[in-house]
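Here is my note on the model you asked about. Please read it with the structure open beside you.

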Amino acid sequence: MLVIRCDVVTFDDTHRVVEGGAILVGDDGRVVDVLAAGAPVPAAFADARVVTYDGYAYPGLVDLHNHIPYNTIGLWTLARQKTPWVDHNAWTRPREYSEQITAPQVFLGWAAGPELLTYVETKALIAGTTTLQGNGKARPPLGLLCRNLDTETFGSADRFRVATIPPFRPADLDSVRRQMTDDGIGYILHLAEGLRGEAMSAEWDMAFDNGVVQDTFVGIHGLGLARAELKALQKVGATLVWSPFSNMWLYGATADIVTARALGLRICLGSDWAPSGTRNVLGELKVASLWNSAPQKWFDPARKAPKPPAGGVFTDRDLCDLVTRNPGDAIAQVYGGPEIGRLQQGYLADLVLIARRDDDPYKNLVAATEPDVELVLVDGEPRCGTASLMKAAGAKNAHVVTYRSRGTKHSRSVVLRNPARPAATFTWSHVTGRLEEVRDDPAAADQQLAAALAAADAGRADRVFVVEGDMPFGTSDRAQELAAGGAAVKPKPVPIPPIDPLVHDAAWFDAVDANSYHRGLLSPLRAFYP
């Protein structure tokens, strides 16, 4: 049991902010109650640990669109491509995509799978993310660092199906449609990721005409959707996941959120992946804030931009809903009850404590950066935070993770469970050291991998824990390798790019400035990180 005393930003039905409140966390990892200032603590909590914090508690942030196996790879561009891409089919075709993204991810995910997964989940967790979408083909045990909707069960069963590559034939949707209709299963689909055109219209038609646009449908991107299609999503109670940074980085335009919002469509945020996205959804929240200041500028220049309402599209509170209660409500719709996204009775105690920099709690969250995140709980368990807060919350087996932000070194205590052996933990030096070993000598790593696979085949060792992504292979040989030999085919050793840092830094902002596709609209992000 745990009592957390602080200002509580609940995101409940009335958006209560309880100043000087107390969150009661039960042994089952759920919120028992949120008490008003001065209210007595129930006798059952008399011996509970107490965390006292002079800041805000928020629900843990939810990143509803990611591809985490690729998040050691930094922002990617193709120098010879002088104009923005048309859609997702275009930028996955060049050989450079396969050489610089697909092949390195696959080899690193085989040669250092546990360390890769630990690194990228830590990258999310230190920025307050408690739930991600996008494990790729990895199937890690539950309860490591963050939740991942691709495999999360919320104590029952995995109820989401995911498709990164849009289906090409009606038959591809038969099974998921039956599961949605009969059992209420959720379906997360990359949809219309590209500028409006025949290809994007065909993706919508495939989904809509074959009956998967239902209330448990979650469409990712939707850049190529028109008003009628957004209205169809809203009409059935579906969800749209918006990734404005990635849209601008690749296509120079983003989805018609002005219309989606006006229609009442549920909207959530996703940071996508490191090759074309922000480093965490806390950063993506700032992109949404930038968009909110001038939404018409972010629209496809070849189309007429819808006029935003005079009072603006989002308030700061509305923006914060995109990473808390909105995705939580979408998940509750699939699981039939409360799980995450709010701090109220019955919800899981996935929460984050963030330093107070502004008296408005919503402005505070929009402006917060990674060092402001001082404690993260998942299932009521302290997973990441400052040493003092982790100790107060009763953390066990935490290891120190360090990073630099704005020239200052920061440290956090993080419970770095080994995905291959969850009862054991890593040190951060082991995680980063192993990734750098593979980078420094891919040939030696390939020999070690071959030996590990042989030992597993002979029954002398556990199977190799593999983290392989779900993005298109492009021109990579990987598709041919798998077609020839099945899923368990050792990839070829290749050079590995530098490991992308944990937090947004000056080099990242320099890379943003160097890309002309976004027409300078992403460059003001730097101002959030003075």
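1. Ground rules. This is a predicted model, in which local features need pLDDT of at least 70 and side-chain atom pairs count only at pLDDT 80 or more, while totals for chains, interfaces and linings use all residues. Residues are numbered from 1 along each chain as its sequence is written, and side-chain values use heavy atoms, with hydrogens and water left out.

2. Five strands make an open sheet with parallel pairing, in the order 8-9-10-11-12. Strands are DSSP runs of E, at least two residues long, and helices are runs of H or I, at least four; both are numbered from the N terminus. Two strands pair if DSSP finds at least two bridges between them. Strand 8 (160–163) and strand 12 (266–269) stand at the edges with a single partner strand each, so one side of each has no neighbour in the sheet. On average, neighbouring strands of this sheet are turned by 25 degrees against each other, direction ignored. Strands in a sheet pair through backbone hydrogen bonds, either parallel or antiparallel.

3. Inside the sheet. Strand 9 (residues 186–191) runs parallel to strand 10, and five bridges join them. Look for H190, which stands opposite I220 in strand 10. Helix 11 (residues 325–335) packs on the sheet and touches strand 8, strand 9, strand 11 and strand 12. The direction of helix 11 makes about 115 degrees with that of strand 12. Such angles run from 0 to 180 degrees between N-to-C directions, and axes are lines fitted to C-alpha atoms, for helices over the stretch in contact.

4. Helix 6. Which residues of helix 6 are buried? In this helix (residues 227–236) they are E229, L230, A232 and L233. They fall within an arc of 155 degrees seen down the axis, so they line one face of helix 6. The arc is taken from the directions from the helix axis to the C-beta atoms. On the other side, R227, A228 and K235 are exposed. Buried means under 20% relative accessible area, exposed over 50%, and partly exposed in between (1.4 Å probe, protein chains only).

5. Around helix 6. The cover over its buried residues includes helix 5 (198–209), strand 10 (217–221), strand 11 (239–242) and helix 8 (257–263). After helix 6 comes G237, with a positive phi near 85 degrees.

6. Cysteines. How many disulfides are there? The count is zero, with a disulfide defined as a pair of cysteine sulfur atoms within 2.5 Å. The closest cysteine sulfur to that of C268 is in C320, 14 Å away, which is too far for a bond. C384 is in no disulfide either; its nearest cysteine sulfur, that of C146, is 9.1 Å away. C268 counts as buried at 0% relative accessibility, and C384 counts as buried at 2%.

7. V34. This residue is in strand 3 (residues 31–35). V34 has 7% relative accessibility, so it counts as buried. Leaving out residues up to four places away in sequence, V34 touches V8, T10, R16, V18, A22, L343 and Q344. Contact means heavy atoms within 4.5 Å.

8. E381. This residue lies in strand 15 (residues 381–385). At 24% relative accessibility, E381 counts as partly exposed. The side chains of E381 and R383 are joined by a polar contact of 2.9 Å. A polar contact is a pair of N or O atoms within 3.5 Å; within protein, one must be able to donate a hydrogen and the other to accept it, and residues adjacent in sequence count only if both atoms are side-chain atoms.
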